[in-house]
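Let's take a friendly walk through a protein model. Have a look at it first, and then we'll go through it piece by piece.

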Amino acid sequence: MADLMAKGEEPEILFWVGCAGAFDDRYKNVTRAFVRILEHVGIKYAVLGLEESCTGDPAKRAGNEFLFQMQALTNIEVLNGYNIKKIITACPHCFNTIKNEYPSLGGNYEVIHHSTFLQQLINEGKVRVAGGEAFKGKRITFHDSCYLGRANGIYEAPREVLATLDADLVEMKRSRANGLCCGAGGAQMWKEPEPGNKDINIERTEEALATGATVIASACPFCLTMLSDGVKNKNQEDQVKVFDIAELIASAENLNA
Amino acid sequence: MLSNFIFLIITVLAVGLFIWQIKKIRRNIKLGREKKINNNASERLNKLLLVAFGQQKMFKRPWPAILHGVVYVGFVVINIELLEIITDGIFGTHRVLGFLGPVYSALMAINEILAFLVIIACVIFLIRRNITKVPRLTRGPEMRAWSKLDANVILITEIVLMLALFAFNIADLKLAAISNEELAGSFPISNWLVNGLNTFNVSALEAVRSVGWWFHILGIFAFLNYLPSSKHFHIIMAFPNVYYSKLEPKGKFTTNESITHEIKAMLDPSYLVPTLPEGVEPQKFGAKDVEDLTWKQLLDAYTCTECGRCTDVCPANFTGKLLSPRKIIMDTRDRMEEKGEHPAIFRPNHYKEQGEPRVKVTEEKTLLRGYVTPEELWACTTCNACVEACPVNIDQLSSIMEMRRFLVLEESAAPTALNAMFTNIENNGAPWAFSPSDRLNWADNLFVNVK
Ligand code: SF4
Ligand code: SF4
């Protein structure tokens, strides 16, 4: 972003990578897949690079409002400094935080989750999924992220994106507004679960496996991790794969390097 | 007439007692923090119509929705007749609305059919609670003896009230037939049962009629005054609670403004923290007790129907963790009544007085720890399933979050792993221990240029 600014250019959108997108080895693939799509459609985008910092979401959900606001106010200063208007992100937590919680601290942007963005690209015909054949007849089930679904009411966009794959889309028992959490929200990602008799991600993975799907699609870095762990725990990692919707679209478009 | 006078006195007493109780509850709710909720009246009204009047969220579970719908419609419609009963009682008239002719007939017929359906629904509800024992209605540390008794008391009362209504109608019909008079109104079910009283003579019939009538109306007055101690208070509270419920996306958590001022003053010493109006205390960091929650969160507590829909869908709860969102709400009500006033003559909601609490609470006289333990709070994934499920738009998650905030900000009592996460964010700008200079490594080997 700083480089673009120096050149006097303004991007159409800012891609907010998020901490998982930047650091998590598995999830970096999603970041790359999404960037390939952005390049493919020729949109002018930028990333903050080293100037990006945690949105503060994990701190806020854990109750550390102080740390959250420190992060938020710092990020807002950077974003406003670059005169950012439109932000796109693949992470529902970043999406929710920037869209809903930054405005009262002085950060007002149009924030789009990548599922909505991909849906728009498909509707506009910019992504045609020419290689859709690869998914024909495959069974895919979509796991709703709490922060995309219940928290922000986005249920259909990711499903419509998946629908273009020409695969067999199946629903789990609990889906959409009744969807079951992967177990990572509310900062659980960073701690051991409280004592109980089962891990939430195992419960959810069992439900996903029960659909007979060979691909579990998600649209959230934490869900991706939790469900991948769940699939491993069930020794199904050879038969069942967990992917982000951006990865699926990128591979259908033959964009994977 | 003496009986009219007695009736008038009883009516005044019953209504007065109810108002006295409501005032106490109002004071309890006012223990909560001030929060302005008055924007978007039209959207709020719309929600009120859909969720409270329209029972929209009940339809996630069709069978209970239909049964509950019957009792709800029955309650509303049959209470139209209350106007007539009270007028008759005070002025010694008999079926004073009878002049409405066909309208009255239709009203009476609908009443009878609904009353009959209400009895059936209540019987099914009793079976679900006591014989098939639907888990969400019976299990959990918060479902104490009182909660279970309360539900049964209400269901049986409703059945008895309906039976009293029928007794009155049947006896009235019979008396009219004996004296060869036309009784105003139409009574499909009583007509069908009328021969049950064939052996009764006129004075016996008159006795049944007046006992039925008195029982029905006295029952209603008793019910009214029982409400504030019962989960059945929701039939009133659901309306304001839905009206004042959150309109923003569920993912939007509140921003604590005193913290914003504090940070801004820290970053910029010339920043002027706005002075608060006289008598308004700066907002605490989180909630330890009921007065740290907002009045809306306390209103939530009086609205809870104890239906357990929230706990039933809570991922933490059904994987065996201690957390139950219903318990958080019921604890809030109980603590409010311990700290403030208890509305009724008896003290049903004080569970500390009802034997051993079933989670490890302390002796502290506060909501946090005295009722709700940190273990419960830390099990929440903030998934909003409870909020989505609640038929009366209670926001369980907001209360959980306020208490978490208190643990972290006022007591520094976060679990160790979370403290490590905080340190990472402070030092690396990410919740994991990665070096901030590696933030763009994902772009290596990619054809994109670093922008
Ligand atoms: S938000 Fe918390 S309390 Fe509510 S259902 Fe989810 S985990 Fe349970
Ligand atoms: S909080 Fe709502 S869903 Fe939960 S028990 Fe009370 S009324 Fe039912």
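In strand 4 of chain A, Glu110(A) is the bridge partner of Lys86(A). This is a predicted model, where local features need pLDDT of at least 70, side-chain atom pairs count only at pLDDT 80 or more, and totals for chains, interfaces and linings use all residues. Residues are numbered from 1 along each chain as its sequence is written, chains are lettered from A and ligands numbered from 1 in the order in which they are written, and side-chain values use heavy atoms, with hydrogens and water left out.

Back to those strands. Strand 3 of chain A and strand 4 (residues 110-113) of chain A pair in the parallel sense over 4 bridges. Strand 3 (residues 86-89) of chain A also pairs in the parallel sense with strand 1 (residues 13-16) of chain A, over 3 bridges. There, Thr89(A) in strand 3 of chain A is the bridge partner of Trp16(A). Two strands pair if DSSP finds at least two bridges between them. Helices (H or I, at least four residues) and strands (E, at least two) are DSSP runs, numbered from the N terminus.

Now for helix 9 (residues 200-210) of chain A: 8 of its 11 residues are buried, so it is largely enclosed by the rest of the structure. Buried means under 20% relative accessible area, exposed over 50%, and partly exposed in between (1.4 Å probe, protein chains only). What covers the buried residues of helix 9 of chain A? The cover includes strand 5 (139-142), strand 7 (215-218) and helix 10 (221-233) of chain A, plus helix 14 (315-318) of chain B. Contact here means heavy atoms within 4.5 Å. Gly212(A), which follows helix 9 of chain A, has a positive phi near 80°.

Over in chain B, there are 20 helices and 0 strands. Of its 451 residues, 52% count as buried. One of the buried ones is Ser399(B), with a relative accessible area of 1%. Ser399(B) sits in helix 19 (residues 396-410) of chain B. Apart from neighbours within four places in sequence, Ser399(B) is in contact with Leu293(B), Gln297(B) and Ile328(B).

The shell around ligand 1 has 9 nonpolar, 3 polar and no charged residues, and Cys314(B), Cys380(B), Cys383(B) and Cys386(B) are among them. Around ligand 2 there are 13 residues, of which Cys304(B), Cys307(B), Gly308(B), Cys310(B) and Cys390(B) come nearest. That shell divides into 7 nonpolar, 3 polar and 3 charged. A residue is near a molecule if one of its heavy atoms lies within 4 Å of it. Ala, Val, Leu, Ile, Met, Phe, Trp, Tyr, Cys and Pro count as nonpolar, Asp, Glu, Lys and Arg as charged, and the others, Gly among them, as polar.

Finally, some backbone angles. Most residues other than glycine have a negative phi.
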